[in-house]
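Colleague: Could you walk me through this model, one question at a time?

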Amino acid sequence: MRKAKWLVPTIYIIFLMLPIYWLLNMSFKTTTEIINTYTLWPQEFTLENYKKIFTDSTWYNGYLNSIYYVVMNTVISVAAALPAAYAFSRYKFVGDKHLFFWLLTNRMAPPAVFALPFFQFYSSVNLFDTHVAVALSHCLFNIPLAVWILEGFMSSVPKELDETAYVDGYSFWRFFFKIFIPTITAGIGITMFFCFMFSWVELLLAKTLTAVAAKPIAATMTRTASTSGYELGLLAAAGSLTIIPGAIVIYFVRNYIAKGFALGRV
Amino acid sequence: MNKTVNQKAWFFVIPVFVLVAFNAIIPLMTVVNYAFQETFGNNVFMWEGTRWFKQIMLSERFHASLGRQFLFTFIILFIQIPLGIAIALTMPKEGLGVPVCLVLMSMPLLIPWNVVGAMWNIFALPDIGFLGHSLNALGFDYNFTQQIGDAWFTTILMDVWHWTSLVVLLSYAGLRSIQPAYYQAAEIDGASRWAVFTKIELPKMKKVLTIAILLRFMDSFMIYTEPFVLTGGGPGNATAFLSIDLVKMALGQFDLGPAAAMSLIYFFIVLLVCWVFYTLMMRNEGKS
């Protein structure tokens, strides 16, 4: 029993890593090798695919665009959600339950439903093809999620903390920034992780709202797949590089994932 | 927690309210606008009443994609939830294994969805993909671009690969919140492993599991990018789930009226199911 226990996670992790390995494997191969032979590792190891991405501005701008709007969205979402989540966790007010559910419904709305109206709406306010447009549109699902997660973390902080601070003569905002926010750092970390994650991986809205100037990397890949034939090696290299920002974020929140989740919505 | 009544709390909520309303209400009104009218471009609209709704509700195409959608969502929930719990239960509880497991397992969650589709496409290609090649070498006649069963198998396997970790992370968090005293008490009572699971672990995980089911339901119900890149909805329409069908109708054929009506029906179905979940969840919260 004891021995067999690590077997399940190990097999699962191997299953998770296989497609990722295959993508990396492809990215180091030449196009001829990919098309003509089936090899478990690159026979003619090449960095050409990566070189192309780092030297061609349409490629590397895609990455910068994506990172730019994702960071913007994460900051907006968390900043707006912090006071709101505090209100939901501490106070009762007219329409609080309805508002909370209404927020959640936006997390449930299929982006496909909103693609066309978003395009028309953001064009009409002259925000089409800007980073702000994508960052704002991703608020649609990230703010509700951020409020939801943060509310869970805040509710697990006893109310006595607030009351003691007021007795000690703290003003609300001083309490909020000096005491409350440091108490829920783990929760904020987790929330940022989720906001980053959902904004980074979303493509439908990001693609609909951009043309050239703010085009995300994922959309650049789609275009490559359709126009310049089927350059699998290049596509694989671009795909492999999209894993890196996520991996970095995970590395930073790794301690929070373990501890933070447990404090969160449990 | 007992909350105090404070109407000023609305001021805290205003930024969120404005940002979400800006994104939700105006576009939603556009959809409603299209749903009841016929347009030939140039901003000329004709009132159509409920014609599009009737047309969609009676169309076989909608029934078929809705059926596929429910089947898909049901299958992935049925696989991911138990699998996620099983993995969370067997994961290491301390030491170096914890961060290693968590980091590696979170990887699929942070890969852009079209890259997931592209990655699985490359992985499953019958001639040069590892999965496709291996299955064919083992004697299975596997080709996900041509056979319906294989296309479904690949799409489901991709979704299990992509999202099971979310269930694992949430369940793991639920398990971590259980005080060691509970386990000690169970040991003293001589409880079996199964009893510990059903009497201690499962009830403690109830809340996170509800969230996991809710999130997985919502996300799988609006799945678009991954199957679009992997199979393009094919072969034929075999994997054309609701969103794929909707985008095809709205942006491909430019049938704005029917597409808008379909959007609203689609949204209402998601809303209804989630409302039921949410009410159940909140009721449980009130009890405990």
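Modeller: Gladly, here are the ground rules and then your questions. This is a predicted model, where local features need pLDDT of at least 70, side-chain atom pairs count only at pLDDT 80 or more, and totals for chains, interfaces and linings use all residues. Residues are numbered from 1 along each chain as its sequence is written, while chains are lettered from A and ligands numbered from 1 in the order in which they are written.

Colleague: How far apart are the centres of domain 1 and domain 2 of chain A?
Modeller: The domain bounds come from an automatic or database domain assignment. It gives 1–46 as domain 1 of chain A and 56–263 as domain 2. Taken over C-alpha atoms, their centres are separated by 31 Å.

Colleague: Which helix supplies the largest share of the side of domain 1 of chain A that touches domain 2?
Modeller: Residues are in contact if their C-beta atoms, placed from the backbone, lie within 7 Å. By that rule, 9 residues of domain 1 of chain A meet 8 residues of domain 2. Helices are DSSP runs of H or I with at least four residues, and strands are runs of E with at least two, numbered from the N terminus. The largest share of the domain 1 side, 5 residues, comes from helix 2 of chain A.

Colleague: What is the bridge partner of Tyr91(A) in strand 1 of chain B?
Modeller: Two strands pair if DSSP finds at least two bridges between them. In that chain B strand, Tyr91(A) has as its partner Thr4(B).

Colleague: How many residues does chain A bring to the contact with chain B?
Modeller: Chain B brings 76 residues to this contact. Chain A's number is 82.

Key. Contact = placed C-beta atoms within 7 Å.
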